[in-house]
Amino acid sequence: MSVQLKTTDKIDPDLRQQGYQPLRLALLLTFIFRNLTIYMIILRTLRRYSTAAIFAVCGVLLPALSVFASDIVVGSWNIQRLGHGDHKSFAALATIASKVDLLAVQEVMTEAGIVSLEQALEKQTGEPWRHLVSHAVGSKSYKEMYAFIWRESKVSYQDGAVVYLDKRDRFIREPFSAKFKSKKDNSELAIGTVHILYGKNVQDRTPEIQALAEYWLWMKEVYPNTPLVLVGDFNLDQSHKAWAPLKQFAQPLITKGATTLSEKPGKYANLYDNIWIERDTDLHVKAAGIIDFPRLIGWDHSKSRKHVSDHAPIYMALGNSQFDNATASLAPFSANTSTPQPVASRQVQPSSHIRGNRNSQIFHRSDCPSYNSISEKNTVNFNNAQAAIKAGYRIAKNCP
């Protein structure tokens, strides 16, 4: 922006016609020095606001070029009783899960199940993956875990992994959340995941659904200035009136179709799984939908329910990412070869390997639930527990 000085207003017209430049210059210099203070104020103001002004104009005129969110595909999947028994086809699971870059998983029975899935994904994609697992949540008679698993080339765990502090005991299985970062543009998003109680009827589920509004507000406090996402198996269609409290703040991305596999070939029963985002979100959601995984791997529903899951995964594609809908062929399933051996996993370290959190000064053995919950920037490695204690660290209270 330039400042136009109207210096000729006080110059005699005859002198202007004669082109008397020395006088014009003298008057101009007099004007400048007389108003030097004003000029300095203007210059300081321009320096302060020029950058902001440029970005503001770009934000209005060039929205198509702005990066609103991570260029990644985010998914959610209830992988029925993952880690329980030897009936899962991890080759099939990896073929499907590799369609996304960051996956929230519900109904995890053991961390070994996630480790096996991670190994299968690395074999399937030829690149490293990482995972994060919550501690077990649920009733006295039945517990399960939540997990996040992600492609290291696209996503990194930032911080904030925590199970919801359910002071009013509204949830049987308290939600689990964490903040992740896209390696494309360093943009962040916080994701909460939950598995709502099924119970005996719909009335058993609605109290937890209604409590999600309070959980959402809690997430806004825990992850300020970060786009929020809530995913999971909600055991209730998004059209039910029990969602009214949450709909004040958030909206579902999937409003048509169904996510639970019927026993009838090619049929789906209920829209229980979903992805919720802020009503005024900054996320640029390019697409969202349900992954018809039996079609992708060429299996019927009976075989898919038995060896994969009775739920279909869901996804949202952010920014410039593309969801790969290509089908894949699988070798015949064999229970003897479906589960990779966990001893080869990158995540399972010898018991003597210790990870410390430089912020909390707490360390974790490889058999501790929060061993993989420490962000890379805060991780301090020790050869053994004695070395960690000598450095001033103490063992985590949730270690067995």
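Colleague: How many aromatic pairs does the count come to?

Modeller: The count comes to 13 aromatic pairs, and it is taken from a predicted model. The angle between ring planes decides how a pair is named, with over 60 degrees counting as edge-to-face. The rings of Y164 and F171 have planes at 80° and centres 5.9 Å apart, so this pair is edge-to-face.

Colleague: Which other ring pairs with Y164, and where in the chain do the two partners lie?

Modeller: Y164 also pairs with W218, where the ring centres are 4.9 Å apart and the planes stand at 70°, so this pair too is edge-to-face. Distant parts of the chain are linked in this way, since Y164 lies in the loop between β6 (155–163) and β7 (176–182), while W218 belongs to helix α6 (residues 202–222), 54 residues apart.

Colleague: Are Y164 and F171 buried or exposed?

Modeller: A residue counts as buried when its relative accessible area is under 20%. Y164 has a relative accessibility of 7% and therefore counts as buried, F171 is buried with a relative accessible area of 2%, and W218 is buried as well.

Colleague: Which residues do ring pairs link into a cluster?

Modeller: The cluster consists of F148, W150, Y157, F176 and F180, linked by ring pairs. Rings can also have a charge over them: the charged end of R205 sits over the ring of Y198, 3.9 Å from its centre, and K303 lies over the face of W299, at 4.4 Å from the ring centre.

Colleague: What is the strand order in the open sheet of four strands, and which strands stand at the edges?

Modeller: The order is β16-β14-β15-β17, with mixed pairing. At the edges stand β16 (379–382) and β17 (394–395), each with a single partner strand, so one side of each has no neighbour in the sheet. Strand β15 (residues 362–365) and β17 run parallel and are joined by two bridges, and I362 has R394 in β17 as its bridge partner.

Colleague: Where does D280 lie, and is D280 buried or exposed?

Modeller: D280 is placed in the loop between β11 (273–278) and β12 (285–290), and its relative accessibility of 64% means that D280 counts as exposed. The C-alpha atom of D280 is separated by 9.5 Å from that of P227, although the two residues are 53 apart along the chain.

Colleague: What pLDDT does the chain average, and where is the pLDDT below 50?

Modeller: The chain averages a pLDDT of 82, and 77% of the residues score at least 70. Over residues 50–69 the pLDDT is below 50, and this stretch has 11 contacts in the model beyond near neighbours in sequence. Residues 336–352 also have a pLDDT below 50, with 43 such contacts. Where pLDDT is low, the predicted coordinates should not be read in detail.

Terms used:
Residues numbered from 1 in each chain as written. Predicted model: local features only at pLDDT ≥ 70, side-chain atom pairs only at ≥ 80, totals over all residues. Heavy atoms only, no water. Buried < 20%, exposed > 50% of the residue type's maximum accessible area, 1.4 Å probe, protein only. Pairing = 2+ DSSP bridges. pLDDT = per-residue confidence, 0-100. Contact = heavy atoms within 4.5 Å. Phe/Tyr/Trp six-rings, centres within 6.5 Å; stacked < 30°, edge-to-face > 60°. Lys NZ or Arg CZ within 6 Å of the ring centre and 35° of its normal.
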